[in-house]
Amino acid sequence: MKQIITHYGYSDASGEYYVVIDTAKCDGCAECIRQCPKAALELVTLLVDLEDKVVAAVSEDHRKKIKYTCSLCKPEKNQTPCMTACSQKAIRCVWNPI
Ligand code: SF4
Ligand code: SF4
């Protein structure tokens with residue numbers, strides 16, 4: 001299975017803010033979605049190696065405001081509900097404020 005790492009978020013003068021999902025590890029179990037207090041995650045279907053694969057993603061509404069959406073989860077400590085929920089270690093937060 002080809003590995004696709006999806007980054008949802010942005011980098012600007014205030015720092016870097018991304019939710020990163022490794023689609024090779026994600027099995028689409030949706031546990032991160034159930035645990036996200038902001039309903040920021042959803043399942044999407046990606047075409048990987050010519051096959052449809054259902055994986056987690058940040059929903060369109062939250063992609064450009066991830067810094068605000070995720071800030072209460074304390075992503076700088078890497079103990080967010082989505083990360084803790086994921087037994088595959090497929091989701092993580094990159095949180096580097098300047
Ligand atoms: S909990 Fe992990 S494996 Fe399950 S859908 Fe979320 S990112 Fe994918
Ligand atoms: S860090 Fe919090 S708000 Fe952001 S996607 Fe994960 S659980 Fe949801």
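Two exercises on a predicted model follow, each with a worked solution.

Residues are numbered from 1 along each chain as its sequence is written, and chains are lettered from A and ligands numbered from 1 in the order in which they are written. In this predicted model local features need pLDDT of at least 70 and side-chain atom pairs count only at pLDDT 80 or more, while totals for chains, interfaces and linings use all residues.

**Exercise 1.** Work out which residues are closest to ligand 1 and which are closest to ligand 2.

*Solution.* Begin with ligand 1, which 14 residues surround, the closest being Cys26, Cys29, Cys32, Ala56 and Cys86; a residue counts here if its C-beta atom, placed from the backbone, lies within 6 Å of the molecule. Then turn to ligand 2, where the shell has 13 residues, and Cys36, Cys70, Cys73, Thr80 and Cys82 are the closest.

**Exercise 2.** Find the non-glycine residues Ala30 and Asp49, and decide for each whether it is exposed or partly exposed.

*Solution.* As background, most residues other than glycine have a negative phi. Ala30, however, has a positive phi near 75°, and Asp49 has a positive phi of about 50°. Next, count neighbours: a residue is buried if 20 or more other C-beta atoms, placed from the backbone, lie within 10 Å of its own, exposed if 12 or fewer, and partly exposed in between. Ala30 has 14 other C-beta atoms within 10 Å and is therefore partly exposed, whereas Asp49 has 8 and is therefore exposed.
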